[in-house]
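Below are a few friendly notes to read alongside the structure.

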Amino acid sequence: MTRFDEILPKLADVLGHHAQALALMAPVIVNRDLNGRVRLMVDARWADDAENAQRLNQIAADLYGALGPHGYPPERGLLFEGSLEQEFGRGRAFPLPGVDGVHVVDRLATDTSWSSITPPTGGPPRVVFFSIKGGVGRSTALAATAWSLAEGDTRVLVLDLDLESPGLSTALLPEDRRPAYGIADWLVEDLVDNGDSVLGDMVVTSELSRNGEIMVVPAHGQDPGEYVSKLGRVWMPRVTDTGVREAWAARLDRLLVGLEARYQPDVILIDSRAGIDEVAATCLTELGASSILLFAIDGDQTWSGYRILFSHWRRAGVVAEIRERLQVVGAMVPDTGAKEYFDRLRERAWNVFTEELYDEVPPGALAGTEDYWSFDETDLGAPHYPWAIRWRQGFAALTNLHDRLNQIDPAEAQAVFGPLMEGVRLVMDTKQEVDS
Amino acid sequence: MNTDFLDAHERHWEDAELLSESARHANADHLYGVAAECGLKRLMCAFGMGLDADGRPPPGDRLHADGIWDRYEAYRSSHHLGTGYPLPGTNPFSDWDVNQRYAHRSGFDGARAGRHRVGAEHVRRLIAQARKDGLL
């Protein structure tokens with residue numbers, strides 16, 4: 001009996017036998033629906049072409065024979081569409097490995113696919129803080145980075161997009177300074193064209209700001225209200241009266257553009273939900289991030305998680321669109337055995353990057369050239385080379401972080417978060433150079 | 001005869017298009033409304049609406065295009081896949097009534113039928129999407 005992971009190899013096998021006929025009818029799409037059942041989708045003109053219709057019926061029968069419960073009976077195994085081009089624009093299409101000219105369009109129950117990669121935006125750099133597992137000090141590191149940047153004259157806009165487990169604003173704002181509304185409020189109001197009514201009251205400047213400014217956009221306002229009910233609606237797409245559909249990621253991007261225009265930040269730091277999650281997918285792939293910081297502690301769960309994600313990008317054929325924006329951050333590096341820990345972390349990061357993201361460099365060729373995007377394990381500037389954050393008890397809990405940052409010794413902050421802070425500054429400088 | 005909302009949606013649309021091409025706006029307008037109604041009822045079935053033994057929806061859902069637009073929203077909102085099947089909030093059939101089939105043809109023009117055609121097209125797009133998603 002065929003199971004889900006056998007669909008693509010069996011498709012390649014069956015369609016490979018019909019490659020000549022399919023080439024004549026290109027483009028050809030394999031439609032994998034919400035239930036994981038597969039049908040061929042071809043241009044409607046082939047339905048009226050007796051010879052090709054017969055071929056298609058044979059292919060549909062062969063597919064059903066090979067795929068069983070993941071196929072459709074031959075009489076329902078074909079979809080004829082007037083315009084196939086629009087199917088490719090949905091960001092979930094990828095080439096079927098091994099069969100030229102055939103693409104798979106994957107229908108998912110979620111609105112995000114992790115494989116629709118938006119290029120970096122033209123405005124201030126957006127830096128996404130992500131971890132495949134929670135509890136690694138990601139939000140704390142973001143708060144410290146914001147603090148550090150605002151010690152200079154940088155205007156930092158901080159967004160708490162860990163909507164299902166909000167807390168970042170606690171680190172940057174005392175209880176009585178929270179704004180009335182948050183991101184979830186805007187997303188819900190926007191569904192009924194009422195977003196502007198909260199936009200002006202969802203940002204507050206942190207008193208931790210010195211020369212620059214830390215502008216905080218929390219997940220929810222001072223009174224969370226019916227937060228669970230709002231959360232269940234935030235990823236709703238919106239449809240205009242003219243029928244144009246706007247996915248929730250596009251709505252979120254519209255919010256960011258509005259905030260950029262209103263508050264003129266130099267950089268935007270985004271705290272993403274952990275794990276392979278709907279909100280995280282949007283933060284990493286659809287907000288046009290300049291840099292995506294992948295927080296990692298050494299362990300099997302970390303690397304098996306990142307490998308799943310990277311291999312998805314590889315299968316979807318989008319690795320080249322996103323890999324240059326990735327950067328590993330080594331979280332909570334212990335004082336005891338720090339070097340051994342760091343070396344192990346770097347080695348495992350390099351293994352996963354090499355197998356899934358870096359180009360294979362043939363013998364005799366050089367890594368890191370224009371032809372081959374690849375790096376040695378010890379290359380300090382490589383995306384797999386972790387920016388290390390040292391473990392410190394005083395920074396472990398977000399609840400007292402506000403007080404901690406208020407009295408922080410800059411030298412101590414540098415000792416703990418130095419590589420991260422410098423790295424984010426470098427991202428800002430690089431973006432400025434590219435834009436100019 | 002058995003109820004087949006999907007086929008009814010398609011044949012009413014096709015006939016509406018034929019009439020529209022011949023500038024038979026009054027009957028085209030009527031059929032665009034019926035096409036939208038049938039398409040929405042088929043989607044409502046996919047989102048959980050049951051039919052009785054005669055193939056009829058529950059009494060509260062035996063509505064035409066002007067009323068079914070809002071009922072559709074209730075079914076869509078109660079199904080976890082419904083987020084992918086939104087309609088514009090404004091019902092383009094709010095000025096459409098099934099009893100207008102008794103009205104004189106001078107009350108209809110291309111602009112009016114065109115507005116209702118746009119409404120039926122929204123439904124057609126959702127039907128096409130549901131087919132690809134494997135809901136139909």
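1. Salt bridges overall. This is a predicted model, and a search of the whole structure finds 45 salt bridges over all chains. Two examples are worth a look as you go through the points below.

2. A pair within chain A. A:R32 and A:D106 form a salt bridge, with their closest N and O atoms 2.7 Å apart. The pair links distant parts of the chain: A:R32 belongs to strand β1 (residues 28-32) of chain A, while A:D106 belongs to strand β5 (residues 102-106) of chain A, 74 residues apart. Side chains of opposite charge can pair when their charged atoms come close.

3. The second largest pocket. Please keep that pair on screen for this point. The second largest pocket holds about 680 Å³ of space. It is lined by 28 residues, and those closest to its centre are A:F4, A:R32, A:D106, A:L108 and A:H312.

4. What builds the lining. Three elements of chain A, namely α1 (7-17), β4 (93-95) and α12 (300-315), each supply at least two residues of the lining of the second largest pocket. Which element gives the most to this lining? That is α12(A), with 4 residues. By class, the lining has 13 nonpolar, 6 polar and 9 charged residues.

5. The interface between the chains. On the chain B side, 18 residues are in contact with 22 residues of chain A. The size of an interface is often given as the accessible area lost when the parts come together. Here chain B and chain A bury about 1500 Å² between them, with 52% of it on carbon and sulfur atoms. Of the area that chain B buries against chain A, 39% is supplied by B:T83, B:K132 and B:D133, more than any other three residues.

6. A salt bridge joins A:E81 to B:K132, whose closest N and O atoms are 3.7 Å apart.

7. The chain B face. Helix α4 (residues 110-133) of chain B provides the largest share of the side that touches chain A, 6 residues. By class, this side of chain B has 6 nonpolar, 7 polar and 5 charged residues.

Conventions:
Residues are numbered from 1 along each chain as its sequence is written. Chains are lettered from A and ligands numbered from 1 in the order in which they are written. This is a predicted model: local features need pLDDT of at least 70, side-chain atom pairs count only at pLDDT 80 or more; totals for chains, interfaces and linings use all residues. Side-chain values use heavy atoms; hydrogens and water are left out. On a 1 Å grid over the protein atoms alone, a cavity is a set of points where a 1.4 Å probe fits but cannot get out, and a pocket is an open set with protein on both sides within 12 Å along at least five of seven lines; lining residues have an atom within 4 Å of a point. Grid points are joined across faces, edges and corners, and a volume is the space filled by probe spheres set on the points. Ala, Val, Leu, Ile, Met, Phe, Trp, Tyr, Cys and Pro count as nonpolar, Asp, Glu, Lys and Arg as charged, and the others, Gly among them, as polar. Contact means heavy atoms within 4.5 Å. Buried area is the accessible area (1.4 Å probe) that two parts lose on being put together, summed over both. A salt bridge is a side-chain nitrogen of Lys or Arg within 4 Å of a carboxyl oxygen of Asp or Glu.
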